[in-house]
Amino acid sequence: MPDLLRLDAAALVLVGREVVTIPDAALANPTPCDGWTVLDLVRHMNSEHERVSALARGALPADAAGDQDPRDDFALIAARWVATLEQAGPQITVPKVGGEVLTREVTAVHFVDMLVHRWDLARALERPYAAPDVLTRAALPIARKITRPGSGLNGPGGVYRPPLPEDPALDPVDNLAALLGRDPRWRPAPEPRA
């Protein structure tokens, strides 16, 4: 397994640990992804993984079951994603882009995305977040590259909001979140007092 795919698989394992421990009561919690709940975020990850994996296998993507608990399938879907990338040729079809993208680029963007989605979940669940240094050291240069001015991934029509400035006083994962347009200091709104 190439190094970049190994990093992506490690990020997926970290996200998977968050997903399987989401309590039922937290599924409706807001996340740093504007307008998305925890449940929305897990469904999003599952559906995007399944869509790309199905297209790479030459199959039609199946619609996700609306009543099914996405926590139950996350590990299997993530494993299918890794297997898809491991067997993919030099390019892979990405529906959001509307065409083929270098598999290496898809893997790099996905790796960063998964670290930040884990950050999204940890913030939404008010849990501590620590990512191994080896992952953040590899992810930060990728995040800087994919969100630089002129990138099609951020800004109008992109998948991310414009990047926010990095802050050396923050944890590297908070800076990853900032580069993908999240407020690195985001916290859930406090419950109103009765």
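At 33% relative accessibility, leucine 164 counts as partly exposed, a class that lies between buried (under 20% relative accessible area) and exposed (over 50%), as computed with a 1.4 Å probe on protein chains only. The structure is a predicted model, in which local features need pLDDT of at least 70 and side-chain atom pairs count only at pLDDT 80 or more, while totals for chains, interfaces and linings use all residues. Residues are numbered from 1 along each chain as its sequence is written, and side-chain values use heavy atoms, with hydrogens and water left out.

**Overall fold**

- The secondary structure of the chain comes to 6 helices and 2 strands, where helices (H or I, at least four residues) and strands (E, at least two) are DSSP runs numbered from the N terminus.
- Read along the sequence, these elements follow the pattern α-α-α-β-β-α-α-α.
- The radius of gyration of the chain is 16 Å, which agrees with the value near 16 Å that a compact globule of 194 residues would have; the radius is taken over C-alpha atoms, and the globule rule is 2.2 Å times the number of residues to the power 0.38.
- Along its principal axes the C-alpha trace spans about 55 × 40 × 30 Å, and buried residues make up 46% of the 194 residues.
- Among contacts (heavy atoms within 4.5 Å) between residues at least 6 apart in sequence, 65% join residues that are at least 24 apart.

**The largest pocket**

- The largest pocket holds about 1,300 Å³ of space; on a 1 Å grid over the protein atoms alone, a pocket is an open set of points where a 1.4 Å probe fits, with protein on both sides within 12 Å along at least five of seven lines.
- Its volume is the space filled by probe spheres set on the points, which are joined across faces, edges and corners.
- The lining of the largest pocket comprises 45 residues, of which Val109, Asp113, Leu153, Val159 and Tyr160 are the closest to the centre; a lining residue has an atom within 4 Å of a point.
- Two or more lining residues come from each of the elements α2 (38–56), α4 (103–124) and α5 (133–146), and α4 gives the most, with 9 residues.
- By residue class the lining divides into 23 nonpolar, 11 polar and 11 charged residues, where Ala, Val, Leu, Ile, Met, Phe, Trp, Tyr, Cys and Pro count as nonpolar, Asp, Glu, Lys and Arg as charged, and the others, Gly among them, as polar.

**Histidine 110**

- Histidine 110 lies in helix α4 and is buried, with a relative accessible area of 8%.
- The side chain of histidine 110 makes a polar contact of 3.2 Å with the side chain of tryptophan 81; such a contact is a pair of N or O atoms within 3.5 Å, and within protein one must be able to donate a hydrogen and the other to accept it, with residues adjacent in sequence counted only if both atoms are side-chain atoms.
- Leaving aside neighbours within four places in sequence, histidine 110 is in contact with Asp8, Leu12, His49 and Trp81.

**Leucine 164 and glycine 181**

- Leucine 164 lies in the loop between α5 and α6 (172–179), whereas glycine 181 is placed in the segment after α6.
- Not counting residues up to four places away in sequence, leucine 164 touches Ala178, Leu179, Gly181, Arg182, Asp183 and Pro184, and glycine 181 in turn touches Arg161, Pro162, Pro163 and Leu164.
- Glycine 181 is buried, with a relative accessible area of 12%, and its C-alpha atom is separated by 18 Å from that of histidine 44, 137 residues apart along the chain.

- Glutamate 126, in the loop between α4 and α5, is exposed, with a relative accessible area of 64%.
- Although it is not a glycine, glutamate 126 has a positive phi of about 55 degrees. Most residues other than glycine have a negative phi.
- Aspartate 3 is found in helix α1 (residues 3–20) and is exposed, with a relative accessible area of 59%.
- Aspartate 3 and valine 106 are 103 residues apart in sequence, and their C-alpha atoms are 14 Å apart in space.
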